[in-house]
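Hi,

Here is the structure I said I would pass on.

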Amino acid sequence: MANRQETGEPEGMDLVHLLREVTLRLDLAGARFAGRNGLHPTDLRALISLLDAARAGDESTPGRLGERLGLNSAGTTALVDRLERLGLIRRVRDTRDRRRVLLEVDARAVALGRSFFGPLIDRTIALLATFEAGEQAAIRRFLDGVRDAVGEA
């Protein structure tokens, strides 16, 4: 394996390449999941986005979902209709403002995702448990920084 001086790459570039490979493998796993379950990759991104919002305590509306995914109104409506038809999400009226529609992920979608991604999640958590608290904090700081850098791109 060539060292950094031989390749002319800046220090840390090996980690950038590794992160890119992890991203590619996660994307391929997501595509396998989507394909096995008759979903489009955008469907999977939508479900992940809705689950992340719920975990953060944020309400999800079709408009917010479309914004997060970079979809126009028609594309968002088609996506929400498709996921609702599949029984993976549901539209519910906001109890505080009956004019607003909120999106909720159905428990069936969570179970479906867990059946596929559960072993990967379990292996990842087990791997993280091998790191000390300070190391986990460094990993978190790095991943937060990469997330923020991608958001600025």
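In this predicted model, α4 and α5 are roughly perpendicular to each other, since their axes cross at roughly 110 degrees and anything from 65 to 115 counts as perpendicular here. You will find α4 at residues 62–69 and α5 at residues 73–85, and their axes come within 9 Å. The crossing of α4 past α5 is right-handed. On the α4 side the contact is made by P62, L65, G66 and L69, and on the α5 side by T76, L79 and V80. Sorted by class, that contact has 5 nonpolar and 2 polar residues, with no charged ones.

Next up is α3, which packs against both of those helices.

Take α3 with α5 to begin with. Their angle is about 85 degrees, and the axes are 11 Å apart. That makes α3 and α5 roughly perpendicular to each other too. The residues in touch are T42, D43, A46 and L47 from α3, together with L79, R82 and L83 from α5. By class this contact has 4 nonpolar, 1 polar and 2 charged residues.

Now α3 with α4. Here the axes come within 10 Å and cross at roughly 120 degrees. The crossing is right-handed. From α3, the residues T42, R45, A46, S49, L50 and A53 meet L65, R68 and L69 of α4. The class count for this one is 5 nonpolar, 2 polar and 2 charged.

A few things about α3 itself. It covers residues 41–55, and at 1.5 Å a residue its 15 residues should span 21 Å; the end C-alpha atoms are 21 Å apart, so the two agree. Which of its residues are buried? They are T42, D43, L44, A46, L47, S49, L50 and A53. The cover over them includes α4 and α5, along with α2 (13–36), α6 (107–128) and the strands β1 (89–93) and β2 (101–105). Just after the helix, G57 has a positive phi of about 80 degrees.

Two more residues I looked at:

- F33 sits in helix α2. Its relative accessibility is 2%, so F33 counts as buried. Leaving out residues up to four places away in sequence, F33 touches L39, L44, L112, G113, F116 and F117. One of these, L44, is among the buried residues of α3.
- G12 is in the loop between α1 (4–7) and α2. At 27% relative accessibility, G12 counts as partly exposed. The C-alpha atom of G12 is separated by 36 Å from that of R36, which is 24 residues apart from it along the chain.

Cheers

Terms used
Residues numbered from 1 in each chain as written. Predicted model: local features only at pLDDT ≥ 70, side-chain atom pairs only at ≥ 80, totals over all residues. Heavy atoms only, no water. Axes fitted to C-alpha atoms, helices over the stretch in contact; angles between N-to-C directions. Helix = DSSP H or I, 4+ residues; strand = E, 2+ residues; numbered from the N terminus. Parallel < 35°, antiparallel > 145°, perpendicular 65-115°, else oblique. Left-handed = near helix turned anticlockwise from the far one by under 90°. Contact = heavy atoms within 4.5 Å. Nonpolar A, V, L, I, M, F, W, Y, C, P; charged D, E, K, R; others polar. Expected span 1.5 Å × (residues − 1). Buried < 20%, exposed > 50% of the residue type's maximum accessible area, 1.4 Å probe, protein only.
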